[in-house]
Amino acid sequence: MDNRGIGMHLRMVNNAVRRWIDRNAEFKTRMDEIKHLTCSNGWIIAYLYEMETQGKTVYQRDFEKDFGITRSTASKVLTLLEKKELLKRTQAEHDGRMKKIVLTDKSRKLSREIGERSAEMERHLKKGFSEIELEMFYGFLNRIMENLEDSE
């Protein structure tokens, strides 16, 4: 058994995913051309587009929870994406304290390409795993998240 620990393995996988994205030169170049859009920004746009196509409204608190980030981190990221004119935050009709996150036409145009690249990466990550193995894997990852949340 490998004694590097779960945390180290998760870090290594994260680094490998980033390297895979960086090696995908065509996609990276395209994202860099668009006001220096990072891969993380691309994931955010893909997530918001997916929610939008499902008819779901995303509020900042949902975004924080779904990405596992703090309120201040979410605010910084969303502010940067607003400056790049890729999304806007508006007040929710039912509660002025809640901020609804909406894609702009500019980011919607990028969504298809980002979605295609994300799907390609997912295919690479899932290669060789059965549905049962993937279900177990997601269960393990969810349990790790719960363990970390319980310690807060």
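Colleague: What makes α4 roughly perpendicular to α5?
Modeller: In this predicted model, the axes of α4 (residues 60-67) and α5 (residues 71-83) cross at roughly 110°. Angles of 65 to 115 degrees count as roughly perpendicular, so α4 is called roughly perpendicular to α5. The two axes come within 10 Å.

Colleague: Which residues make the contact of α4 with α5?
Modeller: From α4 they are Q60, F63 and E64, and from α5 they are R71, A74, S75, V77 and L78. Sorted by kind, the contact has 4 nonpolar, 2 polar and 2 charged residues.

Colleague: V77 is in that list. Why is V77 called partly exposed?
Modeller: Its relative accessible area is 21%. Buried means under 20% and exposed means over 50%, so V77 falls in between and counts as partly exposed.

Colleague: What is V77 in contact with, leaving aside neighbours within four places in sequence?
Modeller: V77, a residue of α5, is in contact with I44 and F63. I44 is 33 residues away along the chain, and the C-alpha atoms of V77 and I44 are separated by 9.4 Å.

Colleague: Where does I44 belong, and is I44 among the buried or the exposed residues?
Modeller: I44 is one of the buried residues of α3. Others in that group include C39, N41, G42, I45 and M51.

Colleague: How do you know that the reach of α3 is close to the expected one?
Modeller: Helix α3 (residues 39-53) has 15 residues. The expected span is 1.5 Å times one less than the number of residues, and for α3 that gives 21 Å. From first C-alpha to last, α3 reaches 21 Å, so the value is close to the expected one.

Colleague: What follows α3?
Modeller: G55 follows α3, and the phi of G55 is positive, near 75°. A positive phi also turns up at E85, near 60°, in a residue other than glycine.

Colleague: Where does E85 lie, and why is E85 called partly exposed?
Modeller: E85 sits in the loop between α5 and β2 (87-91). The relative accessibility of E85 is 48%. Exposed would need a value over 50% and buried one under 20%, so E85 counts as partly exposed.

Colleague: Back to α3. What makes α3 roughly perpendicular to α6?
Modeller: Their axes cross at roughly 105° and come within 8 Å. The range for roughly perpendicular is 65 to 115 degrees, so α3 is roughly perpendicular to α6.

Colleague: Which residues make the contact of α3 and α6?
Modeller: On α3 they are G42, W43, I45, A46, Y49 and E52; on α6 they are S107, R108, S111, I114, S118 and M121. By kind they divide into 6 nonpolar, 4 polar and 2 charged.

Colleague: How do you know that S111 counts as buried?
Modeller: S111, in helix α6 (residues 105-126), has 3% relative accessibility. The cut-off for buried is under 20%, so S111 counts as buried.

Colleague: What does the side chain of S111 reach, and what does S111 touch?
Modeller: The side chain reaches the backbone oxygen of S107 at 2.8 Å. Not counting residues up to four places away in sequence, S111 touches I45, Y49 and L103.

Colleague: Why is T38 called partly exposed?
Modeller: T38 has 38% relative accessibility. That lies between the 20% limit for buried and the 50% limit for exposed, so T38 counts as partly exposed. T38 is in the loop between α2 (25-33) and α3. From T38 to T79 is 41 residues in sequence and 14 Å in space, C-alpha to C-alpha.

Colleague: What makes G5 partly exposed?
Modeller: The relative accessible area of G5 is 32%. Under 20% would be buried and over 50% exposed, so G5 is partly exposed. G5 is in the segment before α1 (6-23). G5 and G115 are 32 Å apart, C-alpha to C-alpha, and 110 residues apart in sequence.

Colleague: How many helices and strands are there in the protein?
Modeller: There are 7 helices and 3 strands, and from the N terminus on they run α-α-α-β-α-α-β-β-α-α. Of the 152 residues, 30% are buried. The C-alpha trace spans about 50 × 40 × 25 Å along its principal axes.

Conventions
Residues are numbered from 1 along each chain as its sequence is written. This is a predicted model: local features need pLDDT of at least 70, side-chain atom pairs count only at pLDDT 80 or more; totals for chains, interfaces and linings use all residues. Side-chain values use heavy atoms; hydrogens and water are left out. Helices (H or I, at least four residues) and strands (E, at least two) are DSSP runs, numbered from the N terminus. Buried means under 20% relative accessible area, exposed over 50%, partly exposed in between (1.4 Å probe, protein chains only). Axes are lines fitted to C-alpha atoms, for helices over the stretch in contact, and angles run from 0 to 180 degrees between N-to-C directions. Angles under 35 degrees count as roughly parallel, over 145 as roughly antiparallel, 65 to 115 as roughly perpendicular and the rest as oblique. Contact means heavy atoms within 4.5 Å. Ala, Val, Leu, Ile, Met, Phe, Trp, Tyr, Cys and Pro count as nonpolar, Asp, Glu, Lys and Arg as charged, and the others, Gly among them, as polar. A polar contact is a pair of N or O atoms within 3.5 Å; within protein, one must be able to donate a hydrogen and the other to accept it, and residues adjacent in sequence count only if both atoms are side-chain atoms.
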